[in-house]
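Thank you all for making the time this morning.

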Amino acid sequence: MSDLDLLTQSLARSVKHWRAVRGFTLDVLAARAGVSRGMLIQIEQARTNPSLGTVVKIGDALGVSITTLLDYEQGPHVHIVPADQAVRLWHTDAGSYNRLLAGTEAPGPLEMWDWRLMPGESSQSDPHPAGTIELLHVTAGELTLTVDGVEHRVPAGASVHFEANVPHTYGNTGEAPMEMVMAVSVPPVP
């Protein structure tokens, strides 16, 4: 079985599990996540490999991290994620990528990401639930961060945090690769 098949099956089990824990019907989860009921059925039956944006929306609607969606059976209190087990969820042919390094529930989802954007590339993000905070530290290059239509330049060595309940884009308008580490904290589902 391929890694993609394992990931798809884990996501299917996890979405079913957390939907049941939250007491959501397919229709309720679809409405909360802004995802069609048919897509949720396909995900829960492991018949599709949804986009990163769809997985983020479902996680936000369920109040759990992407890490939790990919593996709902939590291990011991100390959980080490070896470097080769970080999950790459997005990449381009030019070499841009993001990797989910680690995640937990604290009390809502808390995720740590490793990002690389090649010159001229960008990645857009839909608004997250109210109360979501993103904390970024640029380790190389310069990040062009656009939050709710306003552009901000964040050079290597600098950090930034913002409320992520508005559209936002991570971009690299420079000539060198941009690398950053990002933490995302999503409030728990009420």
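**Aromatic cluster, helix crossing and loop**

Let me begin with Trp115, which counts as buried because its relative accessibility is 4%, and please keep in mind throughout that this is a predicted model. How many aromatic pairs does a search of the whole structure find? The search finds two. In one of them, the ring centres of Trp90 and Trp115 are 5.6 Å apart and the planes stand at 45°, so this pair is classed as tilted. Trp90 belongs to strand 1, residues 87-91, while Trp115 belongs to strand 3, residues 109-117, so the pair ties together parts that are 25 residues apart in sequence. Trp90, like Trp115, is buried.

The other pair joins Trp115 to Tyr170, and it too is tilted, with 4.8 Å from centre to centre and 50° between the planes. Here the link runs from strand 3 to strand 9, residues 168-171, where Tyr170 lies, so parts that are 55 residues apart in sequence are tied together. Tyr170 has a relative accessible area of 3% and is therefore buried, given that the cut-off is under 20%. Taken together, Trp90, Trp115 and Tyr170 make up one aromatic cluster.

I turn now to the helices. Helix 2, residues 26-33, packs with helix 3 at an angle of about 110°, and their axes are 9 Å apart, which means that helix 2 is roughly perpendicular to helix 3. Which residues make this contact? From helix 2 they are Leu26, Asp27, Leu29 and Ala30, and from helix 3 they are Arg37, Leu40, Ile41 and Glu44. Sorted by class, the contact of helix 2 with helix 3 has five nonpolar residues, three charged ones and no polar ones. The crossing of these two helices, helix 2 and helix 3, is right-handed.

Finally, let us look at the loop between helix 3, residues 37-44, and helix 4, residues 52-62, where Thr48 lies. Is Thr48 buried or exposed? Thr48 is buried, since its relative accessible area is 18%, and, leaving aside neighbours within four places in sequence, it is in contact with Thr8, Met39, Gln42 and Ile43.

Asn49 is found in this loop between helix 3 and helix 4 as well, but Asn49 is partly exposed, with a relative accessible area of 47%. With neighbours within four places in sequence again left aside, Asn49 is in contact with Leu4 and Thr8. The C-alpha atoms of Asn49 and Ala12 are separated by 9.9 Å, although the two residues are 37 residues apart along the chain.

How values were computed: Residues numbered from 1 in each chain as written. Predicted model: local features only at pLDDT ≥ 70, side-chain atom pairs only at ≥ 80, totals over all residues. Heavy atoms only, no water. Helix = DSSP H or I, 4+ residues; strand = E, 2+ residues; numbered from the N terminus. Buried < 20%, exposed > 50% of the residue type's maximum accessible area, 1.4 Å probe, protein only. Contact = heavy atoms within 4.5 Å. Axes fitted to C-alpha atoms, helices over the stretch in contact; angles between N-to-C directions. Parallel < 35°, antiparallel > 145°, perpendicular 65-115°, else oblique. Left-handed = near helix turned anticlockwise from the far one by under 90°. Nonpolar A, V, L, I, M, F, W, Y, C, P; charged D, E, K, R; others polar. Phe/Tyr/Trp six-rings, centres within 6.5 Å; stacked < 30°, edge-to-face > 60°.
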